[in-house]
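Good morning, everyone. Please take a look at the next slide. I will walk you through it step by step.

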Amino acid sequence: LDSDRASRGGDPVRVLIIHDRALVRDGLRLIFATDANLQLVAALASLSEVTADVTPDVVLLACGLDGNLAAEVAELQGKLPRAKIVLLDDVANDGRVVIALRTDARGYLTARQSGDDVISAVRRAAVGERVFTPEIAARLTV
């Protein structure tokens, strides 16, 4: 797989957004619409809305929808075993970063990232790379 596969004639990266805030879902929808290499397959408000016909490559999952992030990630991994999960949080939270690492989520982003940063992270996660905000990545490598 190549993170720029669509530009070489491959299929776009299929993305699923799961976030309880409509404004965030709508904003991400607009951001992804600017990139022909990404295809938004759905933007859902909760994990309970995920169905078998949704087949994303990458899932952006809001942190703490139900209060138990590890359980949410495990549930999503059970429903979509091939999808790469990237956690999306309002602000950096070291405890949630640890959960991302322990659950094999592919990354952790915050609302501080630009649209271009999110697009890049989704592409990189799609090919199996781990993606973290620069501040988190710096802390992980110390």
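This is a predicted model: local features need pLDDT of at least 70, side-chain atom pairs count only at pLDDT 80 or more; totals for chains, interfaces and linings use all residues.

How many bridges join S1 and S2, and in which sense do the two strands pair? The answer is six bridges, in the parallel sense.

Now the whole sheet. It is open and built from six strands. Read across, the order is S2-S1-S3-S4-S5-S6, and the pairing is parallel. Which strands sit at the edges? They are S2, residues 38–44, and S6, residues 131–132. Each of these pairs on one side only.

Next, the helices against the sheet. H1 covers residues 22–33 and packs on the sheet. It touches S1, which is residues 13–18, and also S2, S3 and S4. The direction of H1 makes about 170 degrees with that of S2. H3, residues 94–102, packs on the sheet as well. Its contacts are with S4, S5 and S6, where S5 is residues 107–110. Here the angle is about 150 degrees, taken between the directions of H3 and S5.

Let's move to S3. On one side, S3 pairs with S1 in the parallel sense, over four bridges. Leu16 has Val59 in S3 as its bridge partner. S3, residues 58–62, also pairs with S4, residues 84–89. That pairing is parallel too, and it has five bridges.

Is S3 covered or open? It is mostly covered, with five of its five residues buried. Here is a general point. In a regular strand, side chains alternate between the two faces of the sheet. Now look at both faces of S3. Val58, Leu60 and Ala62 are buried on one side. Val59 and Leu61 are buried on the other.

What about H2? This helix spans residues 69–79, and its buried residues are Leu69, Glu72, Val73 and Leu76. Why do they lie on the same side of H2? Because they cover an arc of only 95 degrees around the axis. The general rule is that an α-helix has 3.6 residues a turn, so residues three or four places apart point the same way. And what do the buried residues of H2 pack against? They pack against S1, S3, S4 and H3.

Glu49 and Asp57 are both in the loop between S2 and S3. Take Asp57 to begin with. Is it buried or exposed? Its relative accessible area is 16%, so Asp57 is buried, the cut-off being under 20%. The Asp57 side chain reaches the backbone nitrogen of Arg14 at 2.7 Å.

Then Glu49. Its relative accessibility is 37%, so Glu49 counts as partly exposed. The Glu49 side chain reaches the backbone nitrogen of Ala45 at 3.2 Å. Now find Ile18. Glu49 and Ile18 are 31 residues apart along the chain. Their C-alpha atoms are separated by 8.9 Å.

That is the tour. Thank you.

Definitions and conventions:
Residues are numbered from 1 along each chain as its sequence is written. Side-chain values use heavy atoms; hydrogens and water are left out. Two strands pair if DSSP finds at least two bridges between them. Contact means heavy atoms within 4.5 Å. Axes are lines fitted to C-alpha atoms, for helices over the stretch in contact, and angles run from 0 to 180 degrees between N-to-C directions. Buried means under 20% relative accessible area, exposed over 50%, partly exposed in between (1.4 Å probe, protein chains only). A polar contact is a pair of N or O atoms within 3.5 Å; within protein, one must be able to donate a hydrogen and the other to accept it, and residues adjacent in sequence count only if both atoms are side-chain atoms. The arc is that of the directions from the helix axis to the C-beta atoms.
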